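Please look over this model with me. My notes are below, point by point.

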Amino acid sequence: QVQLAESGGGLVQAGDSLRLSCAASGLTFNGYTMGWFRQAPGKEREFVAAIRWLDYRTYYADAVKGRGTISRDNAKNTVYLQMNSLKPEDTAVYYCAATNSINPRDNYNYWGQGTQVTVSS
């Protein structure tokens, strides 16, 4: 059974930094592209970042480019999202996901339960 467990969310102030972690189990981690998505209240879920298993190439949404860094540790089956200079509009539930699709922005097979990030102004 595949499990993706996010951690690291919380309440922070605007301008702070946060590192989210996602521990994966039940899948061949180094065969999956890992992604982060988020969903703010009243909005659709949106892509945040992804990192390919093959070459560690990274992809970012424009909203986090320059402030977010995705990384992975295949030895620990863990993917991270470092977010700096957080803004109130970054407030959302952040989800970790895994895909074996060639498209790093869509068609994810597995999802975590999410971790809440709240940024106060």
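Predicted model: local features only at pLDDT ≥ 70, side-chain atom pairs only at ≥ 80, totals over all residues.

The points below cover a disulfide and an arginine.

1. Please read every value below as computed from it.

2. The disulfide. How many disulfides does the structure hold? It holds one. The partners are Cys22 and Cys96, with their sulfur atoms 2.1 Å apart. A disulfide is a covalent bond between the sulfur atoms of two cysteines.

3. Cys22 sits in strand S3, residues 18–25. Cys96 sits in strand S9, residues 92–99. The pair therefore ties together parts that are 74 residues apart in sequence.

4. Handedness. The torsion about the S-S bond of Cys22 and Cys96 is about -75°. That is why this disulfide is left-handed.

5. Burial of the cysteines. Are Cys22 and Cys96 buried or exposed? Cys22 has 0% relative accessibility, so Cys22 counts as buried. Cys96 is also buried, with a relative accessible area of 0%.

6. Where Arg67 sits. Arg67 belongs to the loop between strand S6 (58–60) and strand S7 (68–73). Its relative accessibility is 11%. The cut-off for buried is under 20%, so Arg67 counts as buried.

7. Polar partners of Arg67. The Arg67 side chain makes a polar contact with the side chain of Asp90, at 2.7 Å. A polar atom of the Arg67 side chain also lies 3.1 Å from the backbone oxygen of Ser85.

8. Surroundings of Arg67. Which residues does Arg67 contact, leaving aside its neighbours within four places in sequence? They are Gln82, Met83, Asn84, Ser85, Leu86, Lys87 and Asp90.

Conventions
Residues numbered from 1 in each chain as written. Heavy atoms only, no water. Disulfide = S-S within 2.5 Å. Helix = DSSP H or I, 4+ residues; strand = E, 2+ residues; numbered from the N terminus. Buried < 20%, exposed > 50% of the residue type's maximum accessible area, 1.4 Å probe, protein only. Polar contact = N/O pair within 3.5 Å; in protein donor to acceptor, adjacent residues only side chain to side chain. Contact = heavy atoms within 4.5 Å.
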